[in-house]
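Here's a quick tour of a protein model, meant to be read with the picture open. Take a look at the structure first, then follow the notes below.

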Amino acid sequence: MVDTRDPSRQPTRSRMRAGKACTRCHEKRIKCDAMQHMPCTRCVRDRHADCVLRETKRGTYTRSALRQKRVRIPLAPGSDVAAPFPTGSSAPNLGSRTIDHAHPQTGFGTSSSQVRSQEGPRASEPAPTHVAAEAPGDGSSYHQISWSAMFDHFLNNRENGQDWIDKCSITYLGESFPLSIVLGGSKGDSRPRLHHLGPPLPTALGNTPFQSQPTNMLSEDLEYLRAKGVFNPPEKAHLNALISIFLDHVYPLYPIVNRQEFIQQYKNEQLSLILTYAISFIAVTFAPESALSLLGFQTRPEARLFFYKKAKALFDMGYETNKITLLQSTFLLSFYGGGPNTYWNFYSWISTAVTIAEGIGIHRSTMAVPNMQPQDKSLMRRLWWALVVRDSICGTLVGRPFRIDLDQADADMLTIEDFAHDAAAPDFLEDPATHRYAQHQIETAKLSQIMREIIISRFYPGRRPVMSDELVERLDRWKADLVPTLTWDAEVPDPSNPFSTALSVQYHHHLILIYLGHRRGEETCRRDEREVDEIIDTAAHHISTVVCMLVTRSAVLSVPHELYHGIFLAQAAFYERMRSSNKLVARLGRSAHNSCQMVLKAISEFWDCGTFIMRLFDNLSSRCLEQQSRTTESGQESRAVGAAEASDVGGTVNAANEAGIFNFNGSLGDDCWQWNPMLESLFDLPPELFLAD
């Protein structure tokens with residue numbers, strides 16, 4: 001075309017243009033003041049909550065260079081639709097190279113179609129016709145949405161009546177929030193609604209709760225994740241095995257997903273990457289040794305650490321936007337032990353999961369919410385009570401405050417109907433444990449409430465102590481109300497019923513927790529000392545009998561991890577008996593202690609806390625023997641009468657110690673815990689702390 005402009009004409013001053021506009025004003029081609037304040041004036045006037053700045057590369061390149069680089073490429077053979085080829089694409093490009101961080105024998109490659117859907121288009125592939133980053137509901141906008149935009153969205157949908165609530169997008173308004181006070185008072189309701197429809201998830205998600213494209217990720221973040229090897233998921237056959245292990249062994253113990261929905265998402269290859277790795281992590285935790293060998297791992301700690309690091313990398317980079325998926329993933333990652341000097345351990349993962357759960361109101365009742373699917377309500381209740389149980393047992397284990405304050409929660413207690421939707425799954429009806437697993441979750445939740453009362457009564461300085469008999473009475477009422485399928489025989493544990501076995505150990509764990517050690521307050525226990533000792537001994541020996549039975553029957557992987565927390569208290573009770581001046585009581589305590597040490601060694605490869613507990617009591621046991629030996633030798637020198645008897649006692653103990661009978665360190669090896677990278681240094685306390693006064 002011939003240029004008809006007059007060369008002598010004076011150039012006019014270029015007009016000023018806004019640096020950026022929100023997506024809505026950009027689509028309407030109207031002026032926007034979003035750069036000065038958000039939301040912009042027009043969005044406020046029109047009551048649009050999704051006022052988000054559109055992404056633009058204005059000013060980062062020359063237009064002439066862009067025109068030279070733009071290429072028209074068809075999207076598919078025979079298609080007349082074309083799209084520009086983004087030579088400067090920020091999407092990750094794996095090519096044919098292999099990530100060095102992958103295990104050399106696992107066979108984790110890049111051939112899975114799930115990798116491409118999770119990672120985005122490659123630089124050598126045509127870009128899609130739509131620009132997801134400019135859409136109001138894309139992942140970047142979802143991450144950058146402001147508080148005001150979220151509440152504007154809430155008000156707009158509230159007035160229009162468009163308030164059908166999806167569990168993956170909830171706006172929670174607590175009673176003390178001023179907006180909740182105003183809206184509750186204006187409607188005259190005695191109890192304001194707390195759960196409301198939240199901003200829509202990114203459009204790339206469709207109707208699925210699992211994110212399939214990282215539209216919110218920057219190129220440098222994707223490069224970091226690629227260097228971590230997160231875009232190399234397991235091969236399909238390996239992933240099938242991991243998913244089967246999760247559904248068969250883990251789900252009955254921790255039903256934190258909607259089973260039917262989960263299976264359908266997996267078949268459609270729509271599982272989030274972080275949930276995939278979190279499930280793989282928990283699957284190898286409960287997997288039999290044969291399955292680990294097929295996956296290509298030499299040890300269980302190696303397999304667990306492999307998947308944990310990938311899931312954590314995705315969490316650190318903010319890869320996932322779905323809060324339900326994040327909650328499920330962080331709950332599963334709480335089974336990673338960590339260490340005392342690292343931020344991420346089981347306690348911090350539980351804290352993170354609780355923060356996510358409270359942010360979407362899972363801790364509050366949903367009975368008054370009519371516009372939510374029943375299976376979604378059930379899932380929220382199952383997630384909440386699973387968190388309560390984990391928070392109770394983990395906080396008690398390390399003596400830290402509970403992360404959950406049940407005084408500020410009114411979530412409905414679990415019922416059998418909360419498991420009906422998943423129990424109706426065709427592949428689940430044939431499982432004989434269908435009803436037992438549901439009843440087990442209900443009873444475990446009730447038992448966790450009793451344990452919290454015990455801890456608060458005994459150890460919280462700001463609470464009034466409760467009589468021990470009252471706490472025991474609550475425990476006995478709970479036991480009396482158990483359904484027949486969850487009862488147990490105190491003399492003969494049933495290894496074929498892991499649910500009743502786990503409940504029996506937790507029941508006796510709570511009994512020890514009520515009586516062992518110093519009791520705060522005066523006259524909180526009406527029982528005499530001998531009766532209390534008998535209760536503690538009976539409970540501790542029951543726990544020891546059960547865990548030894550699980551080891552001998554090779555059933556340690558079939559029970560929930562909450563069972564193994566009872567070993568810690570049982571060991572504490574046995575240690576008290578080892579310090580007794582009565583030789584028979586001391587030897588019986590040492591024998592039971594050694595049995596528990598053997599169990600801890602067997603389970604420490606999948607229960608991280610077992611390593612530090614085993615090391616702690618090994619040190620305590622050795623120092624107890626040394627102190628008893630010194631006491632005996634001192635008595636020989638100070639007493640002239642009875643020297644022969646004292647010498648015989650001391651010689652017996654010393655001979656046993658030299659022979660290695662009571663020296664557990666010799667039977668397990670000097671570095672039996674060194675191979676475990678998790679929790680190996682916890683409770684590395686000075687010797688003076690363990691010596692009696």
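**A pair of helices, a threonine and an annotated span**

Helix 9 and helix 10 run roughly antiparallel to each other, because their axes cross at roughly 180° and anything over 145 degrees counts as roughly antiparallel. Keep in mind that this is a predicted model.

**Helix 9 and helix 10**

- Two packed helices are described by the angle between their axes and by the distance between those axes.
- Helix 9 covers residues 236-250 and helix 10 covers residues 259-267, and their axes come within 12 Å.
- On the helix 9 side, the residues in contact are Lys236, Leu239, Asn240, Ile243, Phe246 and Leu247.
- They meet Arg259, Phe262, Ile263 and Tyr266 from helix 10.
- Sorted by class, this contact has seven nonpolar residues, one polar and two charged.

**Thr501**

- You'll find Thr501 in helix 20, which spans residues 498-515.
- Is Thr501 buried or exposed? Its relative accessible area is 3%, and under 20% counts as buried, so Thr501 is buried.
- Leaving out residues up to four places away in sequence, Thr501 touches Asp494, Val546 and Leu563.
- A polar atom of the Thr501 side chain lies 2.9 Å from the backbone oxygen of Asn497.
- Thr487 is 14 residues from Thr501 in sequence, and their C-alpha atoms are 8.6 Å apart in space.

**Residues 21-53**

- An unreviewed UniProt entry annotates residues 21-53 as "domain: Zn(2)-C6 fungal-type".
- In the model, that span is 36% helix and 0% strand, and its end C-alpha atoms lie 6 Å apart.

Notes: Residues are numbered from 1 along each chain as its sequence is written. This is a predicted model: local features need pLDDT of at least 70, side-chain atom pairs count only at pLDDT 80 or more; totals for chains, interfaces and linings use all residues. Side-chain values use heavy atoms; hydrogens and water are left out. Axes are lines fitted to C-alpha atoms, for helices over the stretch in contact, and angles run from 0 to 180 degrees between N-to-C directions. Helices (H or I, at least four residues) and strands (E, at least two) are DSSP runs, numbered from the N terminus. Angles under 35 degrees count as roughly parallel, over 145 as roughly antiparallel, 65 to 115 as roughly perpendicular and the rest as oblique. Contact means heavy atoms within 4.5 Å. Ala, Val, Leu, Ile, Met, Phe, Trp, Tyr, Cys and Pro count as nonpolar, Asp, Glu, Lys and Arg as charged, and the others, Gly among them, as polar. Buried means under 20% relative accessible area, exposed over 50%, partly exposed in between (1.4 Å probe, protein chains only). A polar contact is a pair of N or O atoms within 3.5 Å; within protein, one must be able to donate a hydrogen and the other to accept it, and residues adjacent in sequence count only if both atoms are side-chain atoms. UniProt positions are given in the numbering used here, feature names are shortened, and annotations may be inferred rather than shown by experiment.
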